[in-house]
Amino acid sequence: MRYVIVGAGAAGVAAAEAIRSRDNLSELIIVCEDTHGYYSRPGLAYFLTGELPEKALFPFQKRDFDRLKIKWVIGKAVRIDPPNHALYIRVTNQTNETSLKYDKLLIANGASAVPSDTPGSNLEGVFKLDSLTDAHNIQNLTRKAKAGVVVGGGITALELVEALIARKIKVHYLLRGDRYWNNVLDEAESRIVEHRLKEHGVVIHYKSELAEIQGKKGKVEAVKLKDGSIIRCEMLGVAIGVKPRMELAKSASLTSDRGILVNERMETSAADLYAAGDCAQVFDPISKKSVVDSLWQPAREQGRVAGLNMAGESCIYVKAISFNVTRLAELTTTIIGNVGGGKDEDMVGIARGDSETWRQLPDAITAQTGFEVNHIRLMVGDRFLLGAIIMGDQTLSFPLEQIISHRVDISSIRDQLLAPGAKFGDLIIDFYNQLQVEYS
Ligand SMILES: Cc1cc2nc3c(=O)[nH]c(=O)nc-3n(C[C@H](O)[C@H](O)[C@H](O)COP(=O)(O)OP(=O)(O)OC[C@H]3O[C@@H](n4cnc5c(N)ncnc54)[C@H](O)[C@@H]3O)c2cc1C
């Protein structure tokens, strides 16, 4: 038996671990085009601000991969021939394509940042943050730059802003709308983030869009906005969304939508061919829709389920309530379940899908409290909490995650939660403690 996995990210490595937990003898090959191998993409932002050394990005050491008895092929998988169970690879530093036969194949090649299509996007100084190579590129650019512009409305854009701040670059942040991340955060939350950015000297340009990136000798010199204004800068960060890498799926004519469509066993439409992680589109029992997650933990779980099924188990993936701990302008922020509506390519996996549930529940109401740094927002449904956002103090994150993800009936405290001036914290902690007693 030969297992082949394309991609050494969260999904690919979790699949390899799952396969080895059931089958220690068969051949297991990972094909990966990134010479850095397996590392934490969420950690890249912390690496760029100098809070994490590069070596802390690598969760595995060589001995961990040796233990899994993995054979590595460093190269780009270019196409799949499902009837012949063959994967074609352009091995790094070789010109010809090599074919590799498989018995079971997992596509775990992730998603990539949507590139800018603004004229001038090919100039040196235009950057994104997808990989460790991108992070190194940003480090190099900031060595010479004095001013930078960042475009995009979600978490990654903010990470780019913070990376530039940490590297003493004067930052201009372009927002298409009139506030930050308006389809996930409410106005108070957006303003908290914006206020903190402004304190760091960031100039926020509201209702602004790029018209042109201007350059000299192949390097960024300025950006021109649609209103005609010009911002002088040496670098431009673009974080306008991510999209699943679909080239391999297309080459194999797999049934696809936004991502590769998989069933609950992570099987694609072709025999012995699985997909997991950011490239896969999975069924969401809450929204009853097929959705693409772009989060680390779901990618690992999907990879685990795919790996177990590849190794002969019968295992299903159940999409959990989304849970993301992030940092917005140095403020630790946990986003659980449904906290907003609308569409934002950069927050797929956070509110997409779940937001429809919220709209279908006409009696769901937003109850809110908080002040500048410690802020909680709860989405209260008829009998359940549908979502929560916790900024600052994280004491309530775990209890809320438990209450929301296990769909605990909150009828007994609902009216108290919604009463004017309700003390959210005390109510949630008391309720959670009571649950602990009941279930112990
Ligand atoms: C800057 C940044 C910040 C993030 N922050 C968070 C966060 O705070 N919380 C969170 O939950 N998630 C976060 N994410 C998302 C998270 O990292 C992804 O959801 C997760 O990495 C997806 O895992 P994956 O295995 O599907 O894909 P990836 O981790 O992207 O791995 C894909 C692998 O496939 C390889 N590959 C691609 N194409 C080919 C090919 N043709 N041939 C061979 N190899 C190929 C790539 O080199 C890579 O090794 C962040 C992502 C980024 C980029």
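Accessible areas here come from the Shrake-Rupley method with a 1.4 Å probe. On that basis, the chain in this predicted model exposes about 19800 Å², and carbon and sulfur atoms supply 50% of that area.

**Overall fold**
- You will find 12 helices and 25 strands in the secondary structure of the chain.
- The chain is as compact as a globular protein of its length, because its radius of gyration of 23 Å is close to the 22 Å that the globule rule gives for 440 residues.
- Along the principal axes, the C-alpha trace spans about 65 × 65 × 35 Å.

**Packing and charge**
- Of the 440 residues in the chain, 55% are buried.
- Take the contacts between residues at least 6 apart in sequence: 61% of them join residues at least 24 apart.

**A closer look at helix H8**
- Helix H8 covers residues 296-310, and its 15 residues reach 21 Å from first C-alpha to last, close to the 21 Å expected at 1.5 Å a residue.
- Its buried residues include Pro298, Ala299, Gln302 and Gly303, and the run from Val305 through Ala306, Gly307, Leu308 and Asn309 to Met310 is buried too.
- Among the elements covering the buried residues of H8 are helix H1 (10-22) and the strands S1 (2-6), S6 (104-107), S18 (273-275) and S19 (280-284).
- Just after H8, have a look at Gly312, which takes a positive phi of about 100°.

Methods
Residues are numbered from 1 along each chain as its sequence is written. This is a predicted model: local features need pLDDT of at least 70, side-chain atom pairs count only at pLDDT 80 or more; totals for chains, interfaces and linings use all residues. Side-chain values use heavy atoms; hydrogens and water are left out. Helices (H or I, at least four residues) and strands (E, at least two) are DSSP runs, numbered from the N terminus. The radius of gyration is taken over C-alpha atoms; the globule rule is 2.2 Å times the number of residues to the power 0.38. Buried means under 20% relative accessible area, exposed over 50%, partly exposed in between (1.4 Å probe, protein chains only). Contact means heavy atoms within 4.5 Å. The expected span of a helix is 1.5 Å times one less than its number of residues.
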